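Please look over the sequence and the structure shown below.

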Protein chains: 2
Amino acid sequence: MPPPAVVTGTGHAPIRRATTPDRRILPMTIKVFGHKSPDTDSTGSPLIWAWYLSEIKGTPAEAVLLGTPNTEAAFMLDRWGFEQPTIIEDVAAGAPVVVVDTNNPAELPAGINDADLQQIIDHHRLVGGLETKGPIDIRIEPVACTATIMWKMIGKDMAQAPTAIKGAMLSCILSDTLEFRSPTTTQEDKAVAHALADELGIDIPSYAAEMFAAKSDVSAFSDAELLRMDSKAYEVGGTKFRVSVLETTSPGTVLDRKASLMETMPTVASEDGVDQVLLFVVDILNEESTLLVPNDLVRDVASRSFAAEAAGNTVLLPGVVSRKKQIIPNLKV
Amino acid sequence: MPPPAVVTGTGHAPIRRATTPDRRILPMTIKVFGHKSPDTDSTGSPLIWAWYLSEIKGTPAEAVLLGTPNTEAAFMLDRWGFEQPTIIEDVAAGAPVVVVDTNNPAELPAGINDADLQQIIDHHRLVGGLETKGPIDIRIEPVACTATIMWKMIGKDMAQAPTAIKGAMLSCILSDTLEFRSPTTTQEDKAVAHALADELGIDIPSYAAEMFAAKSDVSAFSDAELLRMDSKAYEVGGTKFRVSVLETTSPGTVLDRKASLMETMPTVASEDGVDQVLLFVVDILNEESTLLVPNDLVRDVASRSFAAEAAGNTVLLPGVVSRKKQIIPNLKV
């Protein structure tokens, strides 16, 4: 029996603060969610943590999503027998929430700072902007994946985790590390993934290949959807970018569409209130990226950020696979 | 032999990120500091963590202060044989720093967001505003004291901690919990304090009485210094407050000066760019506060926030001892 995507428990809520005003008769179920445009980690980590809060800590909790999961995340849900969690638009004022896999208000519901934010578990740079009225529980560590931190926090209670929860954890780590190829990968991420794969009897290379094939199947998506699929807003030197990556084992499939992708960039940029979309097509297996170069602004960005001169309307960036470690920290205009 | 306040170690710096540009031949010593107007936790926790980084992790680190320690913190330094750490004005761009006991940029050096912020250990509400260029290590937990979190993070390596480090930890916890009277106190804070006191052979009630007597000796301070001594900026409903507390076992000593304290408030408010100073004189032993009421704005704050009607120019708030749990979350104008 797969566990339901929505798990609820009973009893006292240990992470609710004593000062939280409780105007309700029944305890509110804590909503656990990751970032908008959910990838595998932002889909799997809420399921893992909602299980832990509900089943181990006795705190009613429910995993939800802030958008449609990407194709790899959808594969993960199906492979391990989860129903797709409910997609929510916003959170109510005062509603108890736990945020995982981000600390960036731009990637969270508009009402996040009026919700009762009880906990953050994340592995990204500190963005600033989130705030709480009372003390909070935060764990942010420079590892590759939220699930790796959760594995440590759950500790010996992992012995009680159902197969599906372990499968979600393994999927999150393989996804965020690109099967240990990303320079964000730490020894901790590797050790946790190997321990989980052993317990589950999963062959990592073949399972990762299935995941990446699912992620690479982007035929169903419009150009605008591809430009927004795995995207972070980032401002540098007064210029606002949407920094999009498409991790794929089949870069040619995406690059065949480069003309229409570049034509769609101004519309997406305008609708999303940024100056320019940057699309990096990440070739997972060959560990390199191709940046689309629609104009001189992006040509200059490529030159100043990566010392790479564009030939035509693309530029190849050997070794660049991580937005977090290699793209964002180097971005210059 | 007391340990020096400035401790340095050798060898590789494990918490430095691989992406940190290192333009220097020698490794930079990490500066560890708490908030401005340092109290016991913001003086002791940097010493504890600099010891841990230097002596256990082999990462050169130095505790520094962002101002003169208060009288209780000075007592703690003297009692356990520490030299007073260096007081710094600002941090250099790119300098490696660890922040403890705050996550509020207003309580930190002006250059904090250009420094190489590597780690935050704290127990306050999330304020927002700090940001980093790369992944970071953050541990924020809703306990009463930073030292309690450090005790857990150091784990079995506590066996190697010198007496002075254990003494600083115990002092931090007794200070932040007001000897377990504050509602911020958790079972974890209590358990850690009792374990440390047992190891050190310290009688908690008599040691806490010495600490609180030191904190209560405010005769050397001007009115303006008292108003700024333990103070947090907080804005509510568009009005900016400096929310000051004076924890004392001798409230009469402070309240004897209430006329000149209230006269000094407008000058301090103006110099510090806030609308009003709120001074809560916290009677540690009787677990109550007296709020000075210099004008109708504060009279209204007392009424709306605590349902307390001022008689004359003070108002007694029974049971109110914690700015974090009882004052800030309730503040209304």
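In helix 9 of chain B, the residues B:Leu261, B:Met262, B:Thr264, B:Met265, B:Val268 and B:Ala269 are buried, where buried stands for under 20% relative accessible area, exposed for over 50% and partly exposed for what lies in between (1.4 Å probe, protein chains only). This is a predicted model, in which local features need pLDDT of at least 70 and side-chain atom pairs count only at pLDDT 80 or more, whereas totals for chains, interfaces and linings use all residues. Residues are numbered from 1 along each chain as its sequence is written, chains are lettered from A and ligands numbered from 1 in the order in which they are written, and side-chain values use heavy atoms, with hydrogens and water left out.

Helices (H or I, at least four residues) and strands (E, at least two) are DSSP runs, numbered from the N terminus. Helix 9 of chain B, residues 258-272, has 15 residues and reaches 20 Å from its first C-alpha to its last, close to the 21 Å expected at 1.5 Å a residue, the expected span being 1.5 Å times one less than the number of residues. The helix bends by about 35° at B:Met265, and the proline B:Pro266 follows within four residues; the bend is the angle between axes fitted to the seven residues ending at a residue and the seven starting there. The cover over the buried residues of helix 9 includes helix 7 (223-229), strand 8 (239-248), helix 8 (251-255), strand 9 (276-283) and strand 10 (288-292) of chain B. After helix 9 of chain B comes B:Gly273, whose phi is positive, near 70°.

In the segment after helix 11 (323-327) of chain B lies B:Leu331, which counts as buried because its relative accessibility is 4%. Leaving aside neighbours within four places in sequence, B:Leu331 is in contact (heavy atoms within 4.5 Å) with residues including B:Tyr234, B:Phe241, B:Leu278 and B:Phe306.

In chain A, helix 2 (residues 71-79) has A:Glu72, A:Ala73, A:Phe75, A:Met76 and A:Leu77 as its buried residues, and what covers them includes helix 1 (40-56), helix 4 (163-177) and helix 6 (204-216) of chain A. The N-terminal end of helix 2 is capped by A:Asn70, a side-chain oxygen of which lies 3.1 Å from the backbone nitrogen of A:Glu72.

Between the two chains, 26 residues of chain A are in contact with 25 residues of chain B. Chain A and chain B bury about 2300 Å² between them, 60% of it on carbon and sulfur atoms; this buried area is the accessible area (1.4 Å probe) that two parts lose on being put together, summed over both. On the side of chain A, A:Leu126, A:Pro135 and A:Ile138 lose the most area to chain B, together 25% of what that side buries.

Over all chains, however, the count comes to 34 salt bridges. One of them joins the side chains of A:Glu141 and A:Lys152 (2.5 Å, N to O). A:Glu141 counts as buried because its relative accessibility is 9%, whereas A:Lys152 is partly exposed, with a relative accessible area of 30%. A network of salt bridges links A:Arg139, A:Glu141, A:Lys152 and A:Glu188.

Key:
A polar contact is a pair of N or O atoms within 3.5 Å; within protein, one must be able to donate a hydrogen and the other to accept it, and residues adjacent in sequence count only if both atoms are side-chain atoms. A salt bridge is a side-chain nitrogen of Lys or Arg within 4 Å of a carboxyl oxygen of Asp or Glu.
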